[in-house]
Structure formats: C-alpha cells, structure tokens
Amino acid sequence: SSPEQPLPSWVVAIRPLRMRETVLARNLRQSHPALLVRIQAGEILIDPRTILTDQLSVVVSILQTVLRE
C-alpha cells in the first residue's frame, strides 16, 4: 500500500447552464438513489470509479431527471 501515491483517474465533468452548480450538486445528492458528486471550478465532477457497470443506466436516468428540473 502506498497512500501517498496518486492514482491515475478521470472524471465526468458537467458545467450546468441553467442552474448553479451548488443546486445541481444538491439535487443529485438528494436523488433516489443519491449520486455522489463533487464541485470544482464551477463544474460537477462524477468519478466513474464509484459507479458499477450495471448502475450506468440508473446514473443516466438520474442525470436526465435532475437536469430537466
């Protein structure tokens, strides 16, 4: 184990156009099931390492629902 070594990673970034990023993040975190995200530089970041392959359709559905609000 090397806790000080950075792990290579990538994220999905969403820059909301019709709502503040804090509102979008809150709505995603309060969805059912909750989608855990973080905010950085005005973007919503989703780490795909936290999503199982069989959960992808649920994540897409959550994003579609919340982004329509």
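Arg-49 counts as exposed in this predicted model, at 52% relative accessibility. Its salt-bridge partner is Asp-47, and the closest N and O atoms of the two are 2.8 Å apart. Asp-47, by contrast, is buried, with a relative accessible area of 12%.

**Salt bridges**

- The count of salt bridges comes to 2.
- Besides the pair of Asp-47 and Arg-49, a salt bridge joins Arg-15 to Glu-43, with 3.4 Å between the closest N and O atoms.
- This second pair links distant parts of the chain, 28 residues apart: Arg-15 belongs to the loop between strand 1 (12-14) and helix 1, whereas Glu-43 belongs to strand 3.
- Glu-43 has a relative accessibility of 24% and therefore counts as partly exposed, since that class lies between the limits of 20% and 50%.
- In general, side chains of opposite charge can pair when their charged atoms come close.

- The model contains an open sheet of 3 strands in the order 1-3-2, and the pairing is antiparallel.
- Strand 1 and strand 2 (38-40) stand at the edges; each has a single partner strand, so one side of each lacks a neighbour in the sheet.
- From one strand to the next, the twist averages 35°.
- Strand 2 and strand 3 run antiparallel and are joined by 3 bridges.

**The nonpolar core**

- The largest nonpolar core has 14 residues, and those with the most contacts inside it include Leu-24, Leu-28, Leu-35 and Leu-63.
- Val-37, Ile-44 and Ile-46 also belong to the group with the most contacts inside this core.
- Helix 1 (21-29), strand 3 (43-46) and helix 2 (56-68) are the elements that give two or more residues to the core.
- Helix 2 supplies the largest share, 4 residues.
- Leaving aside neighbours within four places in sequence, Leu-28 is in contact with Ala-34, Leu-35, Val-37, Ile-44, Ile-62, Leu-63 and Val-66.

**An exposed leucine**

- Leu-17 lies in the loop between strand 1 and helix 1.
- Its relative accessibility is 82%, so Leu-17 counts as exposed.
- Leu-17 and Leu-67 are separated by 50 residues in sequence, and their C-alpha atoms are 9.7 Å apart in space.

Note on methods. Residues are numbered from 1 along each chain as its sequence is written. This is a predicted model: local features need pLDDT of at least 70, side-chain atom pairs count only at pLDDT 80 or more; totals for chains, interfaces and linings use all residues. Side-chain values use heavy atoms; hydrogens and water are left out. A nonpolar core is a set of buried Ala, Val, Leu, Ile, Met, Phe, Trp, Tyr and Cys residues joined through side-chain atoms within 4.5 Å. Buried means under 20% relative accessible area, exposed over 50%, partly exposed in between (1.4 Å probe, protein chains only). Contact means heavy atoms within 4.5 Å. A salt bridge is a side-chain nitrogen of Lys or Arg within 4 Å of a carboxyl oxygen of Asp or Glu. Two strands pair if DSSP finds at least two bridges between them. Axes are lines fitted to C-alpha atoms, for helices over the stretch in contact, and angles run from 0 to 180 degrees between N-to-C directions.
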